[in-house]
Amino acid sequence: MNISINSVKQSRIEQVDFTNLPFGKVFSDHMLVADYALGKWSDPKILPFGKFEISPSMTALHHGQSIFEGMKAYWGKSDKPLLFRPKDNFRRLNLSANRMCMPEIDELLFMEGLMTLVKLDQNWIPKTEGNSLYIRPIYFSNDEVIGIKPADNYRLIIFTCPTSAYYSDPLRVKIETRYVRGSHGGVGFAKAAGNYGGAMLPTKLANDQGFHQLLWTDAYNHEYLEESGSMNVMFLINNTLVTPSLSESKLAGITRDSVLTIAKEWGMNVEDRPVSVLELIEAAKNGSLQEAFGTGTAANLAPIKTIGHADKFYDLPDLKPDSFINRMSKYLMDLKTGVLEDHHNWIVEVN
Ligand SMILES: *Cc1c(COP(=O)(O)O)cnc(C)c1O
């Protein structure tokens, strides 16, 4: 495989204020583009980040064969870029692709393309603590025909954004008991574009009521908790880490898996099982709910301060410096930046 590189004549990096990086608004110099046509992938190309032409009949726009991923590169202690569990993102991208009836992406194309892109734009990885380079692979159908059928042409693009922490304030979340995000047999486990479009109205309605995010519940009786906007959720109840078990309707977060793995290594009680709304509200009422948080690549661990349910509000205690959330956030950051030894084989160094 040959990756051609058409680099920018003049980098834009001097124009960027690295002390003020709003999420997803600042883009690094280059992007990787690979096309699928006539049953096979072309060699990827690296180009200056920028616009490209599409046809009004482009299939992804009409029928939504469009999926994405999200991962991060950190500036490592060894003075090299470090990727956190990129092969898990690659596997999940192909899981989403399968569900959306899109061709699988070659591992070599994805991994080599990703590494070459991150190395080329490595100066865009913020070196300040807590900040990182967010990596967005996007994969969509690109036929120019208005027929509802799996497309013949596809495009994969990977681009990157230097970014600081995602949420600043502790979250107010609303338990959603009217709208649904995913169901058995659906596409909830895929990072499919339409999942996020469908979530916008219910999220907007919650925003209007003063909430940052939703806590989705199951599609059948709204009895069991699912996950949050772009995060899985976890609760510390009586010193046990409790999280809703995965299903076809939930996105299997890599952060979720990392937190559960480390918590078990720490010797904690971890319960990966159905969690009912009733149980959570009871725990909030009787004080056994110590901590609640979302987990995701963009947000890392996002503490939840208030849970809204049936017009009532349940506040969590303020976080102490040695809270589980604080200890786990620090541990994960130290792992991702190479301060701690990587005995899980999660880190991939970009050379
Ligand atoms: C991306 C995402 C997550 C978190 O996944 P990570 O791999 O931890 O980033 C959780 N839920 C939804 C709906 C998501 O889109």
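Predicted model: local features only at pLDDT ≥ 70, side-chain atom pairs only at ≥ 80, totals over all residues.

Visitor: Okay, so is Lys204 buried, partly exposed or exposed?

Guide: Lys204 is partly exposed because its relative accessible area is 44%. Its salt-bridge partner, Asp208, sits 2.9 Å away, N to O. Asp208 is exposed, at 54%.

Visitor: Where do Lys204 and Asp208 lie?

Guide: Both are in helix 4 (residues 193–208), 4 residues apart, which is about one turn of the helix.

Visitor: Which residues do salt bridges with shared partners join into one network?

Guide: Arg85, Asp88, Arg91 and Asp257.

Visitor: How many salt bridges does the count come to?

Guide: The count is 16 salt bridges.

Visitor: New topic. What does Glu69 pair with?

Guide: Glu69 forms a salt bridge with Arg92, with the closest N and O atoms 2.8 Å apart. Glu69 is in the loop between strand 5 (66–68) and strand 6 (71–75), while Arg92 is in helix 2 (residues 86–99), so this pair links distant parts of the chain, 23 residues apart.

Visitor: Is Glu69 buried or exposed?

Guide: Buried, at 0% relative accessibility. Arg92 is buried too, at 8%.

Visitor: And what about Glu349, which side chain does it meet?

Guide: Glu349 meets Lys80 in a salt bridge, 4.0 Å from N to O. Glu349 is in strand 19 (residues 347–349) and Lys80 in the loop between strand 6 and strand 7 (81–84), so the pair ties together parts 269 residues apart in sequence. Glu349 is partly exposed at 33%, and Lys80 is partly exposed at 30%.

Conventions: Residues numbered from 1 in each chain as written. Heavy atoms only, no water. Helix = DSSP H or I, 4+ residues; strand = E, 2+ residues; numbered from the N terminus. Buried < 20%, exposed > 50% of the residue type's maximum accessible area, 1.4 Å probe, protein only.
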